[in-house]
Amino acid sequence: MDIVEGEVAVGVGASAHTVPEGEREPHPSDSLRTFGAFVQALREHAGLSRGDLAAAVQYSKHTVESVELGRRMPDEAFVERAEEALGNTGALRRAARHLTRGEAGLAAWFRRWARLEREAVSLSTYECRLVPGLLQSEGYARALFENRIPLLTDAQLEAQVAARMERQRMLNERPTVPFHFIVEEAILRRRLGGAEVWREQLNHVLEHTAPRNVTLQIMPLEAEYHSCMDGPLRLLETAEGRRLAYSEGQESGRLIGDSKEVRVLQQRYDTLRSQALHPKDSRALLERLRGEA
């Protein structure tokens with residue numbers, strides 16, 4: 001669920017664009033193990049021993065072994081020297097971009113989608129449960145995690161909040177990428193965390209949806225028609241023009257790559273845009289709610 005959404009790079013073993021339906025994100029260390037196996041395969045193909053590669057990259061044989069077994073994160077110098085020693089195809093450089101040790105506060109099933117978000121050329125979100133993670137204030141996010149069952153430790157809670165705030169940097173760092181949000185009015189009326197947190201959250205949404213590339217539409221309580229009654233939905237378009245979707249429930253998430261299924265979800269979202277309030281009317285409603293805070 002969105003309470004534990006976060007962002008992290010995924011392993012290099014499988015393309016996020018071709019994930020079988022329902023596949024869970026691999027364990028965080030899988031990216032290191034996959035990269036290490038890749039280095040070992042290239043080394044053996046080149047007819048080099050670990051000692052030979054160690055000499056070529058100017059690291060110890062033990063370091064080469066640790067990288068190949070996925071026990072050590074290679075630094076930039078190792079990657080560059082290994083690239084040159086193993087054919088200079090660019091494959092290791094590309095693979096190294098997706099390495100991760102794993103980060104605290106991140107849902108395993110969300111990581112693949114989060115990486116795709118950072119590379120997408122457009123992002124669309126419909127949320128019917130809570131304020132979307134990209135628009136949450138720190139106080140609101142903290143209130144969410146404080147309500148989580150089972151209870152989080154203080155360290156886990158702080159890690160969750162930090163991951164959520166870090167992910168929001170996308171809105172400022174990608175000013176030419178269109179971000180579109182449709183949010184149920186009931187979500188914005190819920191005073192999660194108390195009146196002060198609610199007021200801060202309304203201000204946060206108004207501020208972060210003000211840039212020209214960010215659009216917010218509110219689905220009003222009195223709406224008679226609703227095309228997305230099946231639950232929350234996220235859609236994105238990749239730089240290659242492929243459209244993907246993401247559906248999330250309690251303790252689970254699903255990346256959807258099947259073009260027919262994505263097409264249906266896109267149609268639902270497009271219809272919902274026509275049913276929701278116009279962006280100007282949505283901001284006006286937010287202003288009125290803030291006046292009630």
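**View 1. Strands β1 and β2 pair in the parallel sense.** Five bridges join β1 (residues 122-127) to β2. Strands here are DSSP runs of E, at least two residues; helices are runs of H or I, at least four residues, and both are numbered from the N terminus. Two strands pair if DSSP finds at least two bridges between them. Tyrosine 126 stands opposite isoleucine 182 in β2. This is a predicted model: local features need pLDDT of at least 70, side-chain atom pairs count only at pLDDT 80 or more, and totals for chains, interfaces and linings use all residues. Residues are numbered from 1 along each chain as its sequence is written, and side-chain values use heavy atoms, with hydrogens and water left out.

**View 2. Strand β2 also runs parallel to β3.** Six bridges join β2 to β3 (residues 214-219). Phenylalanine 181 stands opposite leucine 216 in β3. Six of the six residues of β2 (179-184) are buried. Buried means under 20% relative accessible area, exposed over 50%, partly exposed in between (1.4 Å probe, protein chains only).

**View 3. Glutamate 248 and arginine 129 meet in a salt bridge.** The N to O distance is 3.6 Å. A salt bridge puts a side-chain nitrogen of Lys or Arg within 4 Å of a carboxyl oxygen of Asp or Glu. Glutamate 248 is buried, at 8% relative accessible area. Arginine 129 is partly exposed, at 23%.
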